[in-house]
Amino acid sequence: MENTVKPQPRRAVVAAAAGFAALAAYAIVGALQILVWNPLAAVPGATLGQIRAEMARADQPLTANWVLAWGMSGIVLATVVLLVTIVRMNSRVGPVVAAYLVLLVFAAPGHFFAGFGPGMSLADTFLVSGADHAPWGMLLYVVSAASLLALIVLIIRAGRSATAHAVRHG
């Protein structure tokens with residue numbers, strides 16, 4: 001009789017899959033925020049096509065190159081962590097989670113810089129603020145801030161655990 005019970009996935013691989021999903025979602029939402037939602041919120045009543053056409057006429061095109069490069073670099077880094085976790089047979093959950101938290105923390109400044117040019121082009125074309133007009137950019141910054149707090153907690157807990165281990169076995 002064949003054994004139909006499948007082994008449970010390793011916790012580190014599950015954590016890596018969740019981290020990959022979080023980074024991919026961050027990159028997709030970030031790109032949509034910069035290229036679609038923010039322009040539509042900055043120029044209410046206009047279509048994205050109208051906004052892009054007006055920006056092109058003002059020689060302030062809404063180009064996607066840097067935005068897509070930022071998003072893809074995050075997804076590539078998340079994929080590398082996922083693949084390393086899958087390939088390694090002894091990955092621990094803590095370092096995997098820490099790697100994804102670091103990527104989420106650094107996604108915020110990357111998002112800011114990727115959105116700076118398009119935001120300024122919107123501001124110059126439509127005489128509006130270059131800041132976010134749609135709420136999703138702020139949500140991304142909140143996710144990055146929460147990731148930083150989680151990373152600090154993870155580091156403190158790891159330090160305390162190492163200290164306790166050293167005292168017991170020291």
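Residues are numbered from 1 along each chain as its sequence is written, and side-chain values use heavy atoms, with hydrogens and water left out. Because the model is predicted, local features need pLDDT of at least 70 and side-chain atom pairs count only at pLDDT 80 or more, whereas totals for chains, interfaces and linings use all residues.

The protein has five helices and zero strands, where helices (H or I, at least four residues) and strands (E, at least two) are DSSP runs numbered from the N terminus. From the N terminus on, the order of elements is α-α-α-α-α. The radius of gyration of the protein is 21 Å, well over the 15 Å that the globule rule gives for 170 residues, so the protein is more spread out than a compact globule. Here the radius is taken over C-alpha atoms, and the globule rule is 2.2 Å times the number of residues to the power 0.38. Along the principal axes, the C-alpha atoms fill a box of roughly 70 × 50 × 20 Å. Of contacts (heavy atoms within 4.5 Å) between residues at least 6 apart in sequence, 81% join residues at least 24 apart.

Next comes the interior. Buried residues make up 32% of the 170 residues; buried means under 20% relative accessible area, exposed over 50% and partly exposed in between, with a 1.4 Å probe and protein chains only. A nonpolar core is a set of buried Ala, Val, Leu, Ile, Met, Phe, Trp, Tyr and Cys residues joined through side-chain atoms within 4.5 Å. The largest such core holds 27 residues, among which L23, Y26, V96, Y100 and L122 touch the most other members. Helices α1 (11-42), α2 (48-57), α3 (65-87) and α4 (93-126) each supply at least two residues of this core, and the largest share, nine residues, comes from α1. Beyond residues up to four places away in sequence, L23 touches G74, A78, Y100, L103 and L104.

After α4 comes L127, whose phi is positive, near 55 degrees.

Rings of Phe, Tyr and Trp (its six-membered ring) pair if their centres lie within 6.5 Å, with planes under 30 degrees apart counted as stacked, over 60 as edge-to-face and the rest as tilted. By this rule there are four aromatic pairs. The rings of W37 and W136 have centres 6.0 Å apart and planes at 55 degrees, so this pair is tilted. It joins W37 in helix α1 to W136 in helix α5 (residues 136-169), 99 residues apart. Both are partly exposed, W37 at 29% relative accessible area and W136 at 40%. F112, F113 and F116 form one aromatic cluster.

Finally, N38 also lies in helix α1 and is buried, with a relative accessible area of 5%. Leaving aside neighbours within four places in sequence, N38 is in contact with Q33, L122, A131, D132, H133 and A134.
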